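Please examine the structure shown below before reading on. The explanation is written to be followed alongside it.

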Amino acid sequence: MALIELDGIERTFTLGDSQVHALQDVSLRIEAGEYLSVMGPSGSGKSTLLNLLGLLDRPNAGHYRLEGRDVTTLDTDEQARVRRERIGFVFQSFHLVPRLSAAENIALPLMLAGMPAAERQQRVARALADFGLETRAGHRPEELSGGQRQRVAIARATIMHPALLLADEPTGNLDRATGQEVTRLLEELNTAGVTLIVVTHDPLMGARARRRITMEDGRIVGDLRQPAGAEAP
Amino acid sequence: MRAADTLRFATRAATGNPLRTALMVLAMAIGVAAVVVLTALGDGARRYVVGEFGALGSNLIIVLPGRSETGGINPGSFVTSTPRDLTVGDAEALLRSPWVRRVAPLSVGNSEISAGGRLREVVVLGTSADYTAVRQTDVALGRFLPREDLRRATNVAVIGATVQRELFGNTPAVGRLVRIGDRRFRVIGVMASAGQGLGMNTDELVIVPVAAAQAMFDTNTLFRILVEARERAALEVAKDDIAEIIRNRHAGEEDVTLLTQDAVLDTFDRILGTLTLAVAGIAAISLAVAGILVMNVMLVAVTQRTAEIGLLKALGAETHTIRNAFLVEASLLSLAGGLAGLALGHGGAALLRLTWPVLPAWPPDWAVAAGLGTALFTGILFGVLPARRAARLDPVQALAKR
């Protein structure tokens, strides 16, 4: 059973009186543990695809099965629960809550899931240690460097042990060295078994993935695989 | 999300923007404080008046000429048509009832008093020696009217404190001659300062024997008869007796109205209670305004935190989680405002009591509860719309917003 099965997905936006086909007849199978990059010019539908995969958006037509379950028919709150338990998001602009500390930001998904505070603290402490953020636990986002912020965001995205990690330009706001560090972190998570899908403009980053999807005008125009272990050094 | 977490999250959100929160709380606090202070003032006035009236003597029955058809007092009670006048004879006859201890006939008119070249407009009250006992008042200097036949017009006068001051200044008044209307009177006493009572300021009265007043105004009718019953419990029996006596004297017609202190008290109590309620209603408008402010502030908060709401949705927050978080935030702001307002209001009321010690300016319990309740209710009511708007945001668009 594939982790993700997209079948004839269509997504149309109405802008004024014209119809924009953001996704047209997209079909895709992604196995658990894969490492994908999605590339393509602006407006090619990469972000729409990512939003659909993350259940933030609904297709106009087609079916999306996540872990064998058709999630397109779920209502808003059921989708929220699937997002909470199975999907992690990493954003270009980090999206940390500015008034909360690093530890509190990481704990957000656990809090939303209704986990008791004591258990939450243990999990967050472990995550802080895993991501080398122990000394930054009480700092607010504005007191953190860009790399640290993205690490907090990744810690938050993975705290619920999701099956799927969706990253939208995760290194877009970072300098080269920090970007590489974040990329390495994401790849380590993938090695540990999380399915990783990265949307990027950066050809170097895109090239690191074992499977590269190229999009144009809402369609998948390229789907390249390279054998495991052959990624760029 | 757990309730405790929702509460903590909302608290952090509210305190995350201290200026906004402080202004919001202030607006709500002013509304609640207005309710508390204004009702304290209104209720204080009510208690003050009721207290003053209570001091007039609670065994008092007031006999008015003319029949009033309605119970209690209305403006008509004081201007009833008079089929048959009350006379001094009627007043004397009332003493035949075993339940009546004293009577004081009242005859009232305007005149001028002059002494030593000074002239003043005064209200002249004609009455009898028992007036002081019935009204539970007394002279400060000299003595009151002598006990004599009600038909005897002795030319003696007792003057009010204000009249004394304005006519004689610091020189003694007792023993001096004054001219009232076209008659000369000897001042035999000065009333103790007592303030308002029965619509007349006793400090500005000139009191003369009832026969003298009637002669002065060329009439033989009475304005009122004040009757003191033997005891409070006998008020009703005494009223029946009075009605009976008057009916016998007035050819079988019951053409007088009997008012007791209780009726007067009840009426004032009711009028001032209604006034307090009205004032509270006006103050409550400021609470409604504060409620709209809560809505405004929360709508701005939703706009400012759109990206955060998008994030929470991406992290798996359900619709009701986000709605509750914003509702709790609005309620917290209102509650804080309400409590601050209570403190402010009680402080204001304490200040009133300090400034006017005679005014028992305590806010009534119902006003405190209503003020706080309205603050919470409006806060939550006006928090619903922003909370629903936040909960309905599209996560993709919300996340795209910076």
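The paragraphs below treat a sheet, and then a pair of helices.

This is a predicted model, in which local features need pLDDT of at least 70, side-chain atom pairs count only at pLDDT 80 or more, and totals for chains, interfaces and linings use all residues. Residues are numbered from 1 along each chain as its sequence is written, while chains are lettered from A and ligands numbered from 1 in the order in which they are written.

Chain A contains an open sheet of six strands with mixed pairing, in the order β6-β7-β8-β3-β9-β10. Strands (E, at least two residues) and helices (H or I, at least four) are DSSP runs, numbered from the N terminus, and two strands pair if DSSP finds at least two bridges between them. Strands β6 (87-90) and β10 (219-225) of chain A stand at the edges with a single partner strand each, so one side of each has no neighbour in the sheet. From one strand to the next, the twist averages 20°. Strands β7 (residues 164-168) and β8 (residues 195-199) of chain A pair in the parallel sense over five bridges; A:L164 has A:T195 in β8(A) as its bridge partner.

Helices α3 (residues 102-112) and α4 (residues 117-130) of chain A have axes that come within 10 Å and cross at roughly 130°. Axes are lines fitted to C-alpha atoms, for helices over the stretch in contact, and angles run from 0 to 180 degrees between N-to-C directions. Residues of α3(A), including A:A103 and A:L110, meet residues of α4(A), including A:R120 and A:V124; contact requires C-beta atoms, placed from the backbone, to lie within 7 Å.

Conventions: Two residues are in contact if their C-beta atoms, placed from the backbone, lie within 7 Å.
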